[in-house]
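This report sets out the sheet, the helices and selected side-chain contacts of the structure shown below. Please keep the sequence and the model in view while reading.

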Amino acid sequence: MSNAIKSVYVLGLGKVGSLVATLLHKTGFDVEGADLHGRIDFPFPINKLDLSRPKELSHAMNRFDAIVSCLPYNYNADVASVAH
């Protein structure tokens, strides 16, 4: 069994998240993004995700090898708590 990271879920698609997700995608990772605002201007799938619904976030996160949070600082404690 390989521990290689193949799929990455990028939370938050603002300036930083958009760049991170795009670079990961161009590098060959299977990328999916999540943002409160549904956007369609990316070459990978985007989910509209509301962080006030922890079960929804948990379900989405379980499908990926890695999660990259590019969310504002005040949201990361909630994401970490769902991930744990």
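Is Asp-35 buried or exposed? Asp-35 is buried, with a relative accessible area of 13%; buried means under 20% relative accessible area, exposed over 50%, and partly exposed in between, with a 1.4 Å probe and protein chains only.

## Basis of the report

The model is predicted: local features need pLDDT of at least 70, side-chain atom pairs count only at pLDDT 80 or more, and totals for chains, interfaces and linings use all residues. Residues are numbered from 1 along each chain as its sequence is written, and side-chain values use heavy atoms, with hydrogens and water left out.

## The sheet

Four strands form an open sheet in the order β3-β2-β1-β4, with parallel pairing. Strands (E, at least two residues) and helices (H or I, at least four) are DSSP runs numbered from the N terminus, and two strands pair if DSSP finds at least two bridges between them. The edges are β3 (46-48) and β4 (66-69), each of which pairs on one side only. From one strand to the next, the twist averages 20°; axes are lines fitted to C-alpha atoms, for helices over the stretch in contact, and angles run from 0 to 180 degrees between N-to-C directions.

Strands β1 (residues 7-11) and β2 (residues 30-35) run parallel and are joined by 5 bridges. Within this pairing, Ser-7 has Asp-30 of β2 as its bridge partner, and Leu-11 stands opposite Ala-34 in β2.

## Burial of strand β1

In a regular strand the side chains alternate between the two faces of the sheet. In β1, Ser-7, Tyr-9 and Leu-11 point one way, while Val-8 and Val-10 point the other way. Strand β1 is mostly covered, with 5 of its 5 residues buried.

## Val-31 and Asp-35 in strand β2

Val-31 belongs to strand β2 and counts as buried at 2% relative accessibility. Apart from neighbours within four places in sequence, Val-31 is in contact (heavy atoms within 4.5 Å) with Val-8, Val-10, Ala-21, Leu-24, His-25, Phe-44 and Pro-45. The C-alpha atoms of Val-31 and Phe-64 are separated by 9.1 Å, although these residues are 33 residues apart along the chain.

Asp-35 is also found in β2. Not counting residues up to four places away in sequence, Asp-35 touches Gly-12, Leu-13, Gly-14, Asn-47, Lys-48 and Leu-49. A polar atom of the Asp-35 side chain lies 2.7 Å from the backbone nitrogen of Leu-13.

## Helix α1 and Ser-18

Helix α1 (residues 15-27) lies across β1, β2 and β4 and runs at about 170° to β1. Ser-18 has its place in this helix and, at 13% relative accessibility, counts as buried.

The side chain of Ser-18 reaches the backbone oxygen of Gly-14 at 2.6 Å. With neighbours within four places in sequence left aside, the contacts of Ser-18 are Gly-12, Leu-13, Arg-39 and Phe-42.

## Helix α2

Which residues of helix α2 (residues 54-61) are buried? They are Leu-57, Ala-60 and Met-61. Seen down the axis of α2, the buried residues fall within an arc of 95°, so they line one face of the helix; the arc is that of the directions from the helix axis to the C-beta atoms.

The buried residues of α2 pack against β1, β4 and α3 (76-83). On the other side of α2, Lys-55 and His-59 are exposed.

## Salt bridges

How many salt bridges does a search of the whole structure find? The search finds 2, a salt bridge being a side-chain nitrogen of Lys or Arg within 4 Å of a carboxyl oxygen of Asp or Glu. One of them links Glu-32 with Arg-63, with the closest N and O atoms 3.1 Å apart. Glu-32 lies in strand β2 and Arg-63 in the loop between α2 and β4, so the pair ties together parts that are 31 residues apart in sequence. Glu-32 counts as buried at 14% relative accessibility, whereas Arg-63 is partly exposed, with a relative accessible area of 48%.

Arg-53 and Glu-56 also meet through their side chains in a salt bridge, at 3.5 Å from N to O. Arg-53 is partly exposed, with a relative accessible area of 48%, and Glu-56 is partly exposed, with a relative accessible area of 30%.

Definitions and conventions
A polar contact is a pair of N or O atoms within 3.5 Å; within protein, one must be able to donate a hydrogen and the other to accept it, and residues adjacent in sequence count only if both atoms are side-chain atoms.
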